[in-house]
Amino acid sequence: MPTVLTHLAPPIAEALALGSARVPPQMLLVGMLAAVLPDADGLAHLLGAGPLYGSWLGHRGFTHTLLFALLMGVAGLWLCKLWKGKPWQGFVWLFACTLSHPLLDMLTSGGAGIALWAPFSAEREFAPWRPVRVSPISPSHLISSRGAAVLRSEFQYIWMPLLLMGLSGFALRH
């Protein structure tokens, strides 16, 4: 998986591209929370109390599915009131922010893959191209040469392209 900070990149880039009139700060904050929420399934794993890593309820399981992103989109129908948006905007925003998480995880070089299609399929998926070094689950391991390599790959393959897209949208608006 990419680091938690890197999962914030898609909503930040989209907000940059669309501007604060279309993505007010409250909407951005909720989108950032939605983008990191799928890794809540890793907390039990980190504490040694969760289901097996490869199970549907384990890390990269249910919270990394298209179904979970759709459920978050449904929550967006109601949460859009926080930023005075239209229900369809809440749905699309939270669906896209949540779905960005497993899609980024699919670009990583390790782990058990993503249960993107669960519960309809038990297959775990990776993207055909996996340039991002998988992040260690323990935050303390990020302060190492491996952690530095992870952050470099995230910057190169996630942050830079997304920032370029966000800045392009910003430039087009101005």
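**A walk through the fold**

So, starting at the N terminus, the elements of the protein go α-α-α-α-α-α-α. The radius of gyration is 16 Å, close to the 16 Å that the globule rule gives for 174 residues, so the protein is as compact as a globular protein of that length. Keep in mind that this is a predicted model. If you like counting, that's seven helices and zero strands.

Of the 174 residues, 44% count as buried. Now take the contacts between residues at least 6 apart in sequence: 60% of them join residues at least 24 apart.

What about the surface? The protein exposes about 9300 Å², and carbon and sulfur atoms supply 73% of that. On the charge side, there are 11 positive and 7 negative side chains, with the centres of the two sets 9 Å apart.

Let's zoom in on helix 3, residues 25-36. Which residues of helix 3 are buried? Those are Met27, Val30, Gly31, Met32, Ala34 and Ala35. And what do they pack against? The partners are helix 1 (4-7), helix 2 (9-18), helix 5 (66-79) and helix 6 (87-105).

As background, most residues other than glycine have a negative phi, and most peptide bonds are trans.

Here are two residues to look at with that in mind. Arginine 60, in the loop between helix 4 (41-46) and helix 5, has a positive phi near 65°. Lysine 84 sits in the loop between helix 5 and helix 6, and its phi is positive too, at about 55°.

Buried or exposed, then, for arginine 60? It counts as buried because its relative accessibility is 1%, and the cut-off for buried is under 20%. Lysine 84 is at 75% relative accessibility, so it counts as exposed; that cut-off is over 50%.

Last one: which residues does the cis peptide bond join? That's alanine 118 and proline 119, with omega at about 5°. You'll find proline 119 in the loop between helix 6 and helix 7 (145-173).

That's my tour, so over to you.

Conventions:
Residues numbered from 1 in each chain as written. Predicted model: local features only at pLDDT ≥ 70, side-chain atom pairs only at ≥ 80, totals over all residues. Heavy atoms only, no water. Helix = DSSP H or I, 4+ residues; strand = E, 2+ residues; numbered from the N terminus. Expected span 1.5 Å × (residues − 1). Buried < 20%, exposed > 50% of the residue type's maximum accessible area, 1.4 Å probe, protein only. Contact = heavy atoms within 4.5 Å. Rg over C-alpha atoms; globule rule 2.2 N^0.38 Å. Areas by Shrake-Rupley, 256 points an atom, 1.4 Å probe, with all protein chains shown as cover. Lys, Arg positive; Asp, Glu negative; His and termini not counted. Charge placed at Lys NZ, Arg CZ, Asp CG, Glu CD.
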